[in-house]
Amino acid sequence: MIPNLNISLLTDWIKNPKNKAVSKLVFAFILGLLMLSLSKLLTANNNAYDNMSSEKIGNNAEQDLIIKELSYEAKLEKQLSELLHQVKDVGNVEIMITLEDESSIEPAFNIVSTEKNSEEKDNEGGVRTITEKQTNTQLVLLKKSGEEQPLILKKTTPKIKGILIIADGAFSSKVRDKIIKSTATLFDIPIYKISVLEK
C-alpha cells in the first residue's frame, strides 16, 4: 500500500506541480542526463565496434599478405637450401631471394549488363533515341567452412629479382659453377641474377 501511495503522490506532483518552474527545471535536467548518458553509451559502443572491426580487417589483411609473401620467399629459400645442401662439396648453405614484384590475384566477378533504348518525339516531328546502359558488378563468393571467400580465377607468383647464396664449398670454382647452373635451371632465371659467395 505504501509504495502505491508514494508512486501516486509522485505522479500527482508531476501532473500538477505546486511550483511549475522548479518542476520544469527538474524534468529538463533529468531528460538531459538521460540523453547524455544514452548518447555516450551509443557512441562508445559504435566506436568500439568500428575500431575493433576496422583494426581486425586491416590487421588480418596486412598480416595475411605479409605472411603469404614471406612464406613464398621463405619456402623457395628453404627448398633451395635443402637441395643444395645435398650436393657434394657444397656444405652448409644460406640463401636470400629477392622478388621483383608482388603476387597478384584475379578474383571472379559476376557482371550483369543491361541496355535500354527509348525514343522520344518532340512537337516538331523530330525523334530522339535515348540509350541507357547499366552494369552491375559483384564479387563471386564461395562458402568454405562457414566463411565466405572470393573465387580466385588466376594467381600469379612474383618473379625472382636475384638470389644470393652463401655456401661453405663456394671457394671451389667447380662447386660455385654447379650451384649457379642448378639454381638458374631450377628457377628459369639468367645466371647474372645469381651470386654465390664463400662462407
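Modeller: Here we are looking at a predicted model.

Biologist: How many residues apart in sequence are the parts that the pair of K193 and E100 ties together?

Modeller: The side chains of K193 and E100 meet in a salt bridge at 3.6 Å, N to O. K193 counts as partly exposed at 21% relative accessibility, and E100 is partly exposed too, with a relative accessible area of 45%. Because K193 lies in the loop between α3 and β9 while E100 lies in the loop between β1 and β2 (104-107), the pair ties together parts of the chain whose separation in sequence is 93 residues.

Biologist: In which helix do D177 and K181 both lie?

Modeller: The structure holds 3 salt bridges, and one of them joins the side chains of D177 and K181 at 3.4 Å, N to O. D177 is partly exposed, with a relative accessible area of 36%, and K181 counts as partly exposed at 47% relative accessibility. The two residues are 4 apart, about one turn of the helix, and the helix that holds both is α3.

Biologist: Is T183 buried or exposed, and what is its relative accessible area?

Modeller: T183 lies in helix α3, which covers residues 173-187. Leaving aside residues up to four places away in sequence, T183 touches L80, L84, I163, I165 and I194. As buried means under 20% relative accessible area, T183 is placed in that class by its value, and the answer is buried, at 0%.

Biologist: What is the strand order of the open sheet of 3 strands?

Modeller: The edge strands are β1 (93-99) and β9 (194-198), each of which pairs on one side only. The twist averages 15 degrees from one strand to the next. The pairing in this open sheet is mixed, and the order of its strands is β1-β8-β9.

Biologist: Which residue in β8 does I97 stand opposite?

Modeller: Strand β8 takes in residues 160-167, and β1 pairs with β8 in the antiparallel sense over 7 bridges. Along this pairing, L99 stands opposite I160 in β8. For I97, the residue that stands opposite in β8 is I163.

Biologist: Which residues make the nonpolar surface patch of about 420 Å²?

Modeller: One of its members, L33, lies in helix α2, which covers residues 20-86. Membership of a patch requires over 30% relative accessible area, and L33 is partly exposed, with a relative accessible area of 44%. The residues that make this patch are F29, I30, L33 and L34.

Biologist: Turning to the whole chain, what percentage of the 199 residues of the protein count as buried?

Modeller: The protein has 3 helices and 9 strands, and from the N terminus on its elements run α-α-β-β-β-β-β-β-β-β-α-β. The protein exposes about 16200 Å², of which carbon and sulfur atoms supply 57%. Among contacts between residues at least 6 apart in sequence, 66% join residues at least 24 apart. The share of the 199 residues that count as buried is 16%.

Technical notes: Residues numbered from 1 in each chain as written. Predicted model: local features only at pLDDT ≥ 70, side-chain atom pairs only at ≥ 80, totals over all residues. Heavy atoms only, no water. Pairing = 2+ DSSP bridges. Axes fitted to C-alpha atoms, helices over the stretch in contact; angles between N-to-C directions. Buried < 20%, exposed > 50% of the residue type's maximum accessible area, 1.4 Å probe, protein only. Contact = heavy atoms within 4.5 Å. Areas by Shrake-Rupley, 256 points an atom, 1.4 Å probe, with all protein chains shown as cover. Salt bridge = Lys/Arg side-chain N within 4 Å of Asp/Glu carboxyl O. Patch = residues over 30% accessible without salt bridge, like charges linked within 9 Å, V, L, I, M, F, W, Y side chains within 5 Å.
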